[in-house]
Amino acid sequence: MSKHQLETKLIHTGVEQGYQERKTGAVNPPIYVSSTYHQDELHNFGPFDYSRSGNPTREIVEKTIAELENGIAGFAFSSGMAAISSAFLLLQAGDHVVVTKDVYGGTFRFVSQLLTQFSVDYTFVDMTNNEEIEQAIRPDTKLIYMETPANPLLQVTDIRKVVELAKQNNALTFLDNTFMTPLYQNPLDLGVDVVLHSATKFLSGHSDIIAGLAVTNDEELAGRLKFVQNTFGAILGAHDSYTLIQGMKTLETRLTKSSQSADKIAHFLDTHQAVEKVYYPGLKDHPGYEIHQSQASSGGAVLSFLLDEKIDAHKFVESMKIPVFAVSLGAVESILSHPATMSHAAMPAAERKERGIEDRLFRLSVGIENVDDLLDDLTQALEQSVVVGN
Ligand SMILES: *Cc1c(COP(=O)(O)O)cnc(C)c1O
């Protein structure tokens, strides 16, 4: 399959692996609802023995994501956090990690409140600042953890630069590729050791499952990840694996449309007088624009924007008719979120403000609705939310 383009791989990878249902010719893979597998004889296990260790439906997901990310092995977990936490279990007590301070909230909580129970120390750094990363690296630093573009201001990390720093210091690199997906960014090709995904978002794409993935192109790391997956046991079930297989087939179609719309909306809001600032890595004035262009092929489908002070945020939310107002992102429906009270609610208000996560900041994950309908919806909501007399 590797000679084909990504859209083709998305549809056919599972089938090519020999799982096309031989008996009936069904074009969709069976959901193997079995915890255990009959052994033909003593001392002879077949390819599967117990579904925590391996399940044929889950294996399709794992082979597909490995193929898409140009890795040698993929692993499917019960959530993005399960994938991320499991990958961190490659570390040992006494190790130190350098993590982007703009990391996903759940990852922040895992590193600062759970990993410390196992005596793994951490330093959070501004990963848009290479000097700060360099200064944080210590002799016991074993991992540098990236997320780019990050949430909610779409901050961009220079992947090549961080990989170079990590290699000089014999540290591993992990990257959360949830926002870009393998369609737009292939971190393994840039030297990253482990790519992580919340497949809850764009990869499944329909706000219907919670799932996570890890991929590597290193034999030794693959063996260790397999060991952690089987030992820690946070695997993706067969039914959700099937849902994810179906979702991934349309990744290119959905994300291409969503990203084109996001780009249009970002440009529209950028010049709108009711909006003070737009954060989108596809805009030329985004501070990470050049670096993002060098390592990813699209700005993606997520943007954030700061409403002007004369806009009533409550009214704005009430007036928006099309997007769901909710946490999460990466679905066929547009999702409007409010970072200050959702993803970053646990952060002290002063720190939020310092990081630019103001109460007037909104994040929009653009779905596959008609873009003119979305633009009209934004136009009328902004118009209706102007505070009178201001
Ligand atoms: C949602 C998300 C996660 C966590 O994934 P879950 O599937 O919710 O556990 C991790 N990283 C990023 C960037 C996310 O958006």
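Q: What classes do the residues of the shell around the ligand divide into?
A: The shell around the ligand divides into five nonpolar, five polar and three charged residues, where Ala, Val, Leu, Ile, Met, Phe, Trp, Tyr, Cys and Pro count as nonpolar, Asp, Glu, Lys and Arg as charged, and the others, Gly among them, as polar. This is a predicted model, in which local features need pLDDT of at least 70 and side-chain atom pairs count only at pLDDT 80 or more, while totals for chains, interfaces and linings use all residues. Residues are numbered from 1 along each chain as its sequence is written, and side-chain values use heavy atoms, with hydrogens and water left out.
Q: OK, and which residues are closest to the ligand?
A: The closest are G80, M81, D176, T200 and K201, out of 13 residues that surround the ligand, each having a heavy atom within 4 Å of it.
Q: Which element gives the most to that shell?
A: Helix 3, residues 80-88, gives the most, with three residues; helices here are DSSP runs (H or I, at least four residues) numbered from the N terminus.
Q: What does the side chain of D176 do with the ligand?
A: An N or O atom in the side chain of D176 lies 2.6 Å from a nitrogen atom of the ligand, which is a polar contact, that is, a pair of N or O atoms within 3.5 Å.
Q: And how far are T200 and K201 from oxygen atoms of the ligand?
A: For T200, a polar side-chain atom is 2.6 Å from an oxygen atom of the ligand, and for K201, an N or O atom of the side chain is 2.7 Å from an oxygen atom of the ligand. The protein covers 92% of the 380 Å² of accessible area that the ligand has on its own, by the Shrake-Rupley method with a 1.4 Å probe.
Q: Which space does the ligand take?
A: The ligand takes the space of the largest pocket, as more than half of its atoms lie within 2 Å of the grid points. On a 1 Å grid over the protein atoms alone, a pocket is an open set with protein on both sides within 12 Å along at least five of seven lines, a cavity is a set of points where a 1.4 Å probe fits but cannot get out, and lining residues have an atom within 4 Å of a point.
Q: How much space lies in that pocket, and what lines it?
A: About 770 Å³ lies in the largest pocket, counted as the space filled by probe spheres set on the points, and 37 residues line it, with Y104, G105, G106, N151 and S343 nearest its centre. Helix 4 gives the largest share of this lining, six residues.

Note on methods:
Polar contact = N/O pair within 3.5 Å; in protein donor to acceptor, adjacent residues only side chain to side chain. Helix = DSSP H or I, 4+ residues; strand = E, 2+ residues; numbered from the N terminus.
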